[in-house]
Amino acid sequence: MAKNILITGGAGFIGSHVVKLMVNNYPDYHIYNLDALTYAGNLENLREVENAPNYTFIKGNIVDAPFINKLFTDHQFDGVMHLAAESHVDRSILSPLDFIYTNIIGTVNLLQAAKEQWKGNHEGKLFYHISTDEVYGSLGETGLFTETTSYDPRSPYSASKASSDHLVRAYWHTYDLPVVLSNCSNNYGGFQFPEKLIPVVINNIQNGKPIPMYGDGKYTRDWLWVGDHARAIDVIFHKGVVGETYNVGGHNEWKNIDLVNLMCDIMDRKLGREEGTSRKTITYVKDRAGHDRRYAIDASKIEKELGWVPSLQFAEGIEKTIDWYLANDEWLKNVTSGAYQAYYEKQYGERV
Ligand code: NAD
Ligand code: TYD
């Protein structure tokens, strides 16, 4: 069925994978990609679809309510996949307000515009909010986050995402706006901006820079290949039950130090360096303020109810990801020029 779909944040890491999947797999849909092109948004991520007849890029900011209202009036969207966000915990510690504007105000602007446009006719309409497992807070040595785990966000980033999740549910309960939500664990893969752990490690090894390891290095994350997250988003958009939430994760927990050691060994092999060379560059640095100890997802609901399971094992996914960065040196050079240097200096300058 022909539909107009708005994807927000489609020039970012996960959004660009979702845009490409939707444009390629659904020729009957017209995909509108709305993105402000902040430091994290990059149209180079979308080369593959930029000339597709069912794709339109729109530069704009979700914080600008009159602009958002006009956009909904002009295009009569049937569905929204909302990924635009400020997404990095360390940046949220440096500049929390940016997160409040984009993640909270921006989300309410989209909800309000959808509510006004869809008033009285919810048939075939859906507002899909993409969120993070970080809203659930931090786990101890055991246990997993389920969809009913109480919210306990602890960074400005996770608090702003938690707030946006609550607002999405409030629009469902109060105005019957048809919504669906998902909370996913840490993603990895090509096109991720080198401020998050995995691309920072690859970039630093390649350039002979120290690898910054926060605190004792025993913090644990549950890593999912971004292509599998994009597939989950597709499944939830088409098969998810309105009003429901789905946790998405890869059953793939790693302590940071173990993950980085593995990456060092793979990179040494691929770069023809002597075994152990990169491990020697791991540098323990001052910990992140309020650092969450462990995240881990129970993804059984989406697996049982919607039939989604991750397609890629981590051993293959991490090789594939490292190969992508090594083959896309130019992409990495482009995104790490200019403003990136200023951020890196501010974030790591005194530490490494
Ligand atoms: P990203 O930072 O790579 O991309 C965010 C995109 O949003 C960028 O293209 C940016 O230009 C755009 N954007 C930012 N502010 C905007 C604004 N005010 N108006 C319009 N566009 C704006 O983020 P990502 O890692 O791709 O994450 C996408 C979504 O998935 C986020 O909502 C994030 O909370 C969620 N998520 C991310 C992860 C992860 O591991 N990266 C895990 C779970 C959930
Ligand atoms: P990150 O990729 O920022 O994701 P998040 O904090 O949202 O889970 O960080 C993943 C883990 O790696 C987290 O425990 C912080 C740690 N980390 C480092 O040790 N060094 C770094 O340079 C970065 C960016 C992260």
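In which kind of crossing, left-handed or right-handed, does α6 pass α8? In this predicted model, the crossing of α6 over α8 is right-handed. Helix α6 covers residues 197-206, and its axis comes within 10 Å of that of α8, at a crossing angle of roughly 40 degrees. The angle here makes α6 oblique to α8.

Helix α8 also packs against another helix. It spans residues 256-271, and its partner is helix α10, residues 314-327. The two helices meet at an angle of about 55 degrees, and their axes are 11 Å apart. That angle makes α8 oblique to α10. In handedness, α8 passes α10 in a right-handed crossing.

The next stop is ligand 1. It is surrounded by 30 residues, of which D35, N61, S87, Y157 and K161 are the closest. Several elements of secondary structure contribute to this shell: helix α1 (13-25), strand β5 (126-132), helix α5 (156-175) and strand β7 (186-188) each supply at least two residues. By class, the shell around ligand 1 holds 13 nonpolar, 14 polar and three charged residues.

S87, already listed among the closest residues, has a side-chain N or O atom 2.7 Å from an oxygen atom of the ligand. The backbone takes part at A36, where an N or O atom lies 3.1 Å from a nitrogen atom of ligand 1. At N187, a polar backbone atom is 2.9 Å from an oxygen atom of ligand 1. Taken alone, ligand 1 exposes 840 Å², and the protein buries 97% of that area.

Ligand 2 has its own shell, made of 17 residues, with E134, R221, R288, H291 and Y348 coming nearest. Strand β8, residues 211-214, gives the most to this shell, contributing three residues. The shell around ligand 2 comprises eight nonpolar, four polar and five charged residues.

Which side chains place a polar atom 2.7 Å from an oxygen atom of ligand 2? H291 has a polar side-chain atom at 2.7 Å from such an oxygen, and Y348 has one at 2.7 Å as well. Both residues are also listed among those that come nearest to ligand 2. A further polar side-chain atom, from N186, lies 2.8 Å from an oxygen atom of ligand 2. On its own, ligand 2 has 510 Å² of accessible area, and the protein covers 98% of it.

Terms used. Residues numbered from 1 in each chain as written. Chains lettered and ligands numbered in written order. Predicted model: local features only at pLDDT ≥ 70, side-chain atom pairs only at ≥ 80, totals over all residues. Heavy atoms only, no water. Near = heavy atom within 4 Å. Polar contact = N/O pair within 3.5 Å; in protein donor to acceptor, adjacent residues only side chain to side chain. Areas by Shrake-Rupley, 256 points an atom, 1.4 Å probe, with all protein chains shown as cover. Helix = DSSP H or I, 4+ residues; strand = E, 2+ residues; numbered from the N terminus. Nonpolar A, V, L, I, M, F, W, Y, C, P; charged D, E, K, R; others polar. Axes fitted to C-alpha atoms, helices over the stretch in contact; angles between N-to-C directions. Parallel < 35°, antiparallel > 145°, perpendicular 65-115°, else oblique. Left-handed = near helix turned anticlockwise from the far one by under 90°.
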